[in-house]
Amino acid sequence: MPIELKIAWRNLYRHKGKSFVIGLILCLGSFIMTIGNGVINGLDTGLQKNIVNNFSGDLVLVSDKQIEKTVLASMTGHTLKPITNFTELKPQILNIPSIDKILPAGAGYVWVLNENGNPLDQYLLGVDIESYLEFFNNNLIVEKGSLLKKNQRGVLVSTRMRDWYFDFTDSWTVPINTSFDQEKAPEKVKKNGSSLQTKKSIVYMGLSSKNASLDILTDVIGIVKFKELNSILGFYCIVDMSSFRECMGYFESSDEAVHLSTKNQNLMTSSLDSIDTLFNDSFDTVNESTTKIKNDLSDIKHIKTSQLDKKLGTYNIIFVKLKKDVNLNKTITQINNLLKEKNIPLQAISWNDAIGMFGQIAMLMKGSLFLFVLFIFIVAIIIIMNTLSMATMERIPEIGMMRAIGTKKRFIQTMFLAETSLLSFVFGGAGIILGSITIIGFKLLKLSTSHEMLQILYGGDTFSPTLDFISVGLCVLQLSLIVCLSSIYPIYLARKITPLDSVLRN
Amino acid sequence: MAIVELKNINKDYYLGKTVVHALKNINLKIEKGSFSAIVGPSGSGKTTLLNVIGCIDKSSSGSVQIHGNQIDSLTDNQLTELRLFNIGFIFQSFHLIPVLNVLENIEFPLLLMNKYSKQEIRQKALDMMKSVHIMDQKDHRPSELSGGQRQRVAIARALVTDPEIVLADEPTANLDSETGAIILKLMKDLNKTRKTTFLFSTHDPEILKYADSSITIRDGQINAN
Ligand SMILES: Nc1ncnc2c1ncn2[C@@H]1O[C@H](COP(=O)(O)OP(=O)(O)O)[C@@H](O)[C@H]1O
Ligand SMILES: [Mg+2]
């Protein structure tokens, strides 16, 4: 063993207490950093996996006329540009080599009209339920009622939106063919007791591409939950494609739709007795675009023919799952080039861009976690630097003597670096290992949450922080950086010690 | 031939606005193989003088020659090598490396020299230990030794590199007079047998009698004998 290392090693042992304190800080620091890295990592992969698998696919195709890219989380309420000829495009899309499977759908921003006049806004997803469930691996859990059946019209209200409807309207959404279950209802609902109103259908108002508003009255078929990230994805309710098209007025833009525009057909059904109960006086307080509907009441349509919808084939978004192991960003550029080349009027947008603000929440979460890790990092550096500096000062006469009898500065530097490196190797290494074990432990615990923020932190419903080789490498790198940064000042001090410091003066 | 030659050496310390003239116009030659003492009361400048000779402090003016080398223009690394190869130090407070045992402490400067093989280093260290009669404490750490034993180890460490000169600043000040005398006798012995040049300081007349020649210093000035 080189003499520098020998002295360093024995010095650590000689100053056991101090070594232990520094070691403990190093251990704790790298422990926390490892867990932080693991959580960030898990958040990343979890979010990606859960959103891609349950909600967005790897990418979406939308009309090339679509300008805003956050097509699944538009805050402006602009309706997506329709894709009118999906049936023609379908074979061409499926011909693109990297694409595995696709799901045409409608995504839009709608108003929920209700008796007390407070308009709610939310996202609506129109799908063919069977294809949808297959495409997203049965991502829905039925809380109450049932899922839509093939060609059945109606809406699947997410638990999140049910809560929200209740907060705004004081009425509790219950699927048709079921009754209100007092026992299972949440506390805030129970409080209302017998005066509680229930609601089995919902009126959605969409903005068509021509900005004409169209309302649909839909029966609530089921209350559902997304298997993962319900608190985020639950902004969406799911309707059958026909209802969605009506809501968005897509039939109007099509030739065949003209035949459908028979007015005043079965205007009101089910629970609503008259138009007046739907739009009572309080509605006047609502903004212009909503009051407009009041005048256009005769335009409310309820069309039952679903065969026509199929022919029309109007959608506004196509979810795409890619074949395994293709690079997302590269593939998107490839697909976009191909679409242009073949004159297909579509554009590909990555899931990440499409979900917009949902992703940004995650970024914020990640950012604050990162800041936390950085904070620990800096605190560790300061404490270690302080302790090491003090230790250096205490050894001034000893080091001065070594300098006097012929030890070069470089030797002293190596000796100090060896001391901190040894410490960090042992204790920091232990911290990383402990952190990794804790992460594995957390993974095995399968902690799950329905809390909104925690779900984002977890990257899903279950807490599954992960460490791969890269993030372990990152931990080691961070640890080395701590060692280097916290050694710089003490080593600078040690190098400044002169032979003269060996001499006793009285 | 002079191992050390000082010409017109001045050393000033600045304490705020006041200046302490620690050494005033010192001219001095130390001959090879001599066993000399610097004598003077406390504060007279003995330590300062030894520091300047030992290249661990710089004079304010004047020239220092060690073994023919003008030291003023040397870099820190060159000075360090000069000390390692040409000068041995014995300190008042012994100053051993606490985490190394006796043998390792004596081997330490040889390791720094990067000149000898492992076996040579071991052999030189063992020989030196025999010369200072510390063989029995070979594996002990400095904290397990008495003051006299520690100073023996320090002497061994200073001499093991075969330096041109060994400087010892009050080597017996932390020892009782009996042990001090033994240490001085040992030094004198080594001076005889190994022809090593010694220069030590003391304010103790008892110790002075071992010296072949003495330099008296008072208020930073030498009164030649
Ligand atoms: N670092 C210093 N700063 C200021 N004055 C010093 C310093 N070192 C020594 N002196 C002064 O220089 C003079 C000589 O000191 P020193 O060489 O230690 O004497 P001695 O070793 O003979 O006791 C004394 O007056 C002392 O106070
Ligand atoms: Mg002195």
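In this predicted model, G148(B), Q151(B), R152(B), I155(B) and L159(B) of helix α5(B) touch T179(B), I182(B), I183(B), L186(B), M187(B), L190(B) and R194(B) of helix α6(B). Sort that contact by class and you get seven nonpolar, three polar and two charged residues.

How do these two helices lie against each other? Helix α5 of chain B covers residues 147-159, while helix α6 of chain B covers residues 177-194. Their axes come within 10 Å and cross at roughly 20 degrees. Angles under 35 degrees count as roughly parallel, so α5(B) is roughly parallel to α6(B). The crossing of α5(B) past α6(B) is right-handed.

Now for another pair in chain B. Helix α3 takes in residues 102-113 and helix α4 takes in residues 118-131. Here the axes are 9 Å apart, and the packing angle is about 125 degrees. As α3(B) passes α4(B), the crossing is right-handed.

Which residues do the touching? On the α3(B) side they are V102(B), L103(B), I106(B), E107(B), L110(B) and L111(B). On the α4(B) side they are I121(B), R122(B), K124(B), A125(B), L126(B), M128(B) and M129(B). By class, that contact has ten nonpolar and three charged residues, with no polar ones.

Next, have a look at the ligand. Where does ligand 1 sit? You'll find ligand 1 between chains A and B. It has 13 residues around it, and the closest are G43(B), G45(B), K46(B), T47(B) and T48(B).

| Residue | Atom on the residue | Distance to an oxygen atom of ligand 1 |
|---|---|---|
| G43(B) | backbone N or O atom | 2.6 Å |
| S44(B) | backbone N or O atom | 3.2 Å |
| T47(B) | polar side-chain atom | 2.6 Å |

Methods: Residues are numbered from 1 along each chain as its sequence is written. Chains are lettered from A and ligands numbered from 1 in the order in which they are written. This is a predicted model: local features need pLDDT of at least 70, side-chain atom pairs count only at pLDDT 80 or more; totals for chains, interfaces and linings use all residues. Side-chain values use heavy atoms; hydrogens and water are left out. Axes are lines fitted to C-alpha atoms, for helices over the stretch in contact, and angles run from 0 to 180 degrees between N-to-C directions. Helices (H or I, at least four residues) and strands (E, at least two) are DSSP runs, numbered from the N terminus. Angles under 35 degrees count as roughly parallel, over 145 as roughly antiparallel, 65 to 115 as roughly perpendicular and the rest as oblique. A crossing is left-handed if the near helix is turned anticlockwise from the far one by less than a right angle, and right-handed if clockwise. Contact means heavy atoms within 4.5 Å. Ala, Val, Leu, Ile, Met, Phe, Trp, Tyr, Cys and Pro count as nonpolar, Asp, Glu, Lys and Arg as charged, and the others, Gly among them, as polar. A residue is near a molecule or strand if one of its heavy atoms lies within 4 Å of it. A polar contact is a pair of N or O atoms within 3.5 Å; within protein, one must be able to donate a hydrogen and the other to accept it, and residues adjacent in sequence count only if both atoms are side-chain atoms.
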